[in-house]
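This report looks at charged pairs and nonpolar packing. The model is shown first.

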Amino acid sequence: MKIANQHNRAVIVDGENTIDIAEASGGRFGPDPQSVLAEWDAFLAAAPSLTGPSKPLDMSALGNPTGVPHQVFAIGLNYRTHAEESGMQVPKVPATFTKFPASLSGPFDDIEIIGEAVDWEVELVAVIGRRADRVPEADAWSYVAGVTVGQDISDRKLQFAAGSQFSLGKSRRGYGPMGPWLVTIDEVENPDDLGLGCSVDGVVKQDARTSDLIFSVPQIIAELSSVLPLLPGDVIFTGTPSGVGMARDPKEALRAGQVVETWVEGIGHMRNRCI
Ligand code: ZN
């Protein structure tokens with residue numbers, strides 16, 4: 001099943017059509033995505049019987065598929081190739097920061113370029129569907145509602161302005177495009193081995209597989225949930241592979257007028273214009 005956020009309402013995507021979850025459930029679930037995710041198990045049980053008037057899918061009206069989550073976790077240096085290109089040691093525990101929730105944006109939203117050090121980072125994003133507190137790695141996928149595509153847009157100047165302030169440097173408004181929809185795990189053939197990449201003006205900049213993650217999604221959930229509970233609707237940006245602009249010679253950065261395309265195999269494709 002694919003769940004999207006169309007006009008700020010959670011919808012089930014069925015090919016070219018959508019079913020409004022709040023309308024189809026008589027108000028039991030939704031309308032916003034976080035309230036669907038808050039009752040994810042009940043929603044999954046009810047979903048097969050939800051029918052309602054279908055409306056055409058309007059890609060231009062899609063927002064971030066999770067709405068505004070309680071918590072956003074992001075993992076740095078989680079691909080060996082990216083740790084190497086950054087000149088950093090491979091961490092022994094997931095290097096964790098947050099993107100503040102108000103920075104998240106939709107799959108086709110514009111990215112406002114501020115300064116000369118705004119960079120791209122394609123990432124697989126996992127969304128939590130059940131409260132996860134001290135979850136063992138072997139069970140961790142069962143706590144995930146689904147996965148989606150993310151761009152961890154980063155202002156490198158702000159990120160390193162105070163020595164290191166990853167969270168703020170990755171949280172300018174609109175610097176967290178996500179989407180186009182949440183895909184439930186049962187629809188993903190092997191969620192631990194997905195191709196992902198991004199291009200700028202059609203030139204591929206990143207191209208990798210999630211099987212190269214240092215800490216897999218289950219390992220990240222086990223580690224994070226040993227520290228604090230992960231809540232339904234929470235978002236995890238799982239890290240970016242090599243090929244970011246900062247690590248290129250010469251360095252590259254996004255400029256107004258460019259188009260960033262971002263994809264994860266079997267999940268979907270985002271397109272964001274830089275303004
Ligand atoms: Zn990142």
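## Salt bridges

Searching the whole structure gives 16 salt bridges. The term means a side-chain nitrogen of Lys or Arg within 4 Å of a carboxyl oxygen of Asp or Glu. This is a predicted model: local features need pLDDT of at least 70, side-chain atom pairs count only at pLDDT 80 or more, and totals for chains, interfaces and linings use all residues. Residues are numbered from 1 along each chain as its sequence is written, and side-chain values use heavy atoms, with hydrogens and water left out.

Arg9 pairs with Asp20 in a salt bridge; the closest N and O atoms are 2.6 Å apart. Arg9 sits in strand β2 and Asp20 in strand β3 (residues 17-20), so-called distant parts of the chain, 11 residues apart. Helices (H or I, at least four residues) and strands (E, at least two) are DSSP runs, numbered from the N terminus. Asp20 is buried, at 7% relative accessible area. Buried means under 20% relative accessible area, exposed over 50%, and partly exposed in between (1.4 Å probe, protein chains only).

Glu23 and Lys55 form a salt bridge at 3.2 Å, N to O. Glu23 belongs to helix α1 (residues 21-24) and Lys55 to strand β4 (residues 54-56), so this pair ties together parts 32 residues apart in sequence. Glu23 is partly exposed at 40%. Lys55 is partly exposed at 38%. Arg28 and Glu39 form another salt bridge, with the closest N and O atoms 2.9 Å apart. Arg28 lies in the loop between α1 and α2 (33-37), and Glu39 in the loop between α2 and α3 (40-46).

## Nonpolar cores

The largest nonpolar core has 50 residues. Such a core is a set of buried Ala, Val, Leu, Ile, Met, Phe, Trp, Tyr and Cys residues joined through side-chain atoms within 4.5 Å. Val147, Ile221, Leu230, Ile236, Leu254 and Ile267 touch the most other members. Elements that give two or more residues include β2 (9-14), β11 (144-151) and α7 (217-225). Domain 1 (2-62) and domain 2 (72-273) each supply at least three residues; the bounds come from an automatic or database domain assignment.

Apart from this core lies another, of 26 residues, including Ile21 and Phe97.
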